[in-house]
Amino acid sequence: QIAGQALRLANHRWIHELGLCTPALEQAMTAHEQRGRSVSLLSDEQGVLALIAVADQPRPTAAEAITRLKQLGLTPVMLSGDNARTAAVIAGRLGIEQVRSELLPEQKLEAIAELQRLGPTGMVGDGINDAPALAGAAVGVAMGAAGSDTAMEAADVVVMDDDPQRLVDLIRLSRRTWAVLWQNIALALGIKGAFLLLTLLGTATMWEAVFADMGTSLLVIANGLRLRRQRWA
């Protein structure tokens with residue numbers, strides 16, 4: 001309310017529902033949207049007073065990160081609250097084939113639930129609107145530098161430098177950790193199984209018992225510490 005006059009800052013859909021769109025305005029919005037810009041409109045009861053176009057620029061390493069994620073066998077999907085044209089332009093720049101646009105926060109959560117029926121699904125976001133989907137995903141990853149507090153609270157992992165390449169490192173480290181975990185399980189069970197067999201044969205010694213217990217623990221720890229030497233590109 002300004003000087004007794006009601007003003008609205010609205011998106012394309014709301015202005016269209018209010019019946020305030022004109023052919024000239026549609027043409028102007030289309031031109032901006034085709035260049036990857038999100039459009040907001042300032043209007044009063046009589047018509048649109050101003051058009052505000054804002055371009056969300058992808059992070060410099062985003063396209064490379066998408067390429068590396070695909071090389072790991074992952075399928076990136078963009079969930080966006082922007083209009084279809086803008087979302088398609090940004091997705092095209094990044095090399096993302098699957099795009100869902102004009103989503104409200106609850107619709108992003110529904111999309112995550114749908115994707116999780118096809119397999120484990122992670123969600124990456126930084127805004128308040130992403131929080132429900134971050135919480136509902138198998139793994140939620142929030143951007144820590146530019147992200148909202150709500151998004152970081154809802155996420156499982158926070159990327160502190162906001163570099164999308166860290167997502168690739170996260171997945172590679174997770175897979176490596178999973179492999180080391182199974183190595184440790186096999187190592188521990190194998191050594192204890194061998195000692196049990198020696199015990200049943202009556203040839204086990206006290207030193208072998210110590211090795212099967214404490215020695216196995218040290219071997220498992222040493223194997224796990226190898227992860228600290230891993231360097232990610």
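Q: In this predicted model, which strand holds R8?
A: The model is a prediction, so let's simply read off the secondary structure it gives. R8 lies within residues 8-10, and that stretch is strand β1.

Q: Which residue's side chain makes a polar contact with the side chain of R8?
A: Looking around R8, and leaving out residues up to four places away in sequence, its neighbours in contact include W14, L18, L41, L42, S43 and D44. The side-chain polar contact has a distance of 3.4 Å, and the partner of R8 in it is E45.

Q: Over what arc around the axis of α3 do its buried residues lie?
A: Helix α3 spans residues 62-71, and its buried residues are A62, A65, I66, R68 and L69. They sit on the same side of α3, because the arc they cover is only 165°.

Q: Which helices do the buried residues of α3 pack against?
A: Among the buried residues of α3 are I66 and L69. The buried residues of this helix have two packing partners: α4 (84-94) and α8.

Q: Are α8 and α9 roughly parallel or roughly antiparallel?
A: Helix α8 covers residues 165-201 and helix α9 covers residues 206-225; their axes come within 10 Å and cross at roughly 170°. Angles over 145 degrees fall in one named class. The two helices are therefore roughly antiparallel.

Q: How many nonpolar residues does the contact of α8 with α9 have?
A: On the α8 side the contact includes V180, L187, I191 and F195, while α9 brings residues including F211, L219 and V220. By class, the contact has three charged residues and five polar ones, and the nonpolar residues number eleven.

Definitions and conventions. Residues are numbered from 1 along each chain as its sequence is written. This is a predicted model: local features need pLDDT of at least 70, side-chain atom pairs count only at pLDDT 80 or more; totals for chains, interfaces and linings use all residues. Side-chain values use heavy atoms; hydrogens and water are left out. Axes are lines fitted to C-alpha atoms, for helices over the stretch in contact, and angles run from 0 to 180 degrees between N-to-C directions. Helices (H or I, at least four residues) and strands (E, at least two) are DSSP runs, numbered from the N terminus. Angles under 35 degrees count as roughly parallel, over 145 as roughly antiparallel, 65 to 115 as roughly perpendicular and the rest as oblique. Contact means heavy atoms within 4.5 Å. Ala, Val, Leu, Ile, Met, Phe, Trp, Tyr, Cys and Pro count as nonpolar, Asp, Glu, Lys and Arg as charged, and the others, Gly among them, as polar. A polar contact is a pair of N or O atoms within 3.5 Å; within protein, one must be able to donate a hydrogen and the other to accept it, and residues adjacent in sequence count only if both atoms are side-chain atoms. Buried means under 20% relative accessible area, exposed over 50%, partly exposed in between (1.4 Å probe, protein chains only). The arc is that of the directions from the helix axis to the C-beta atoms.
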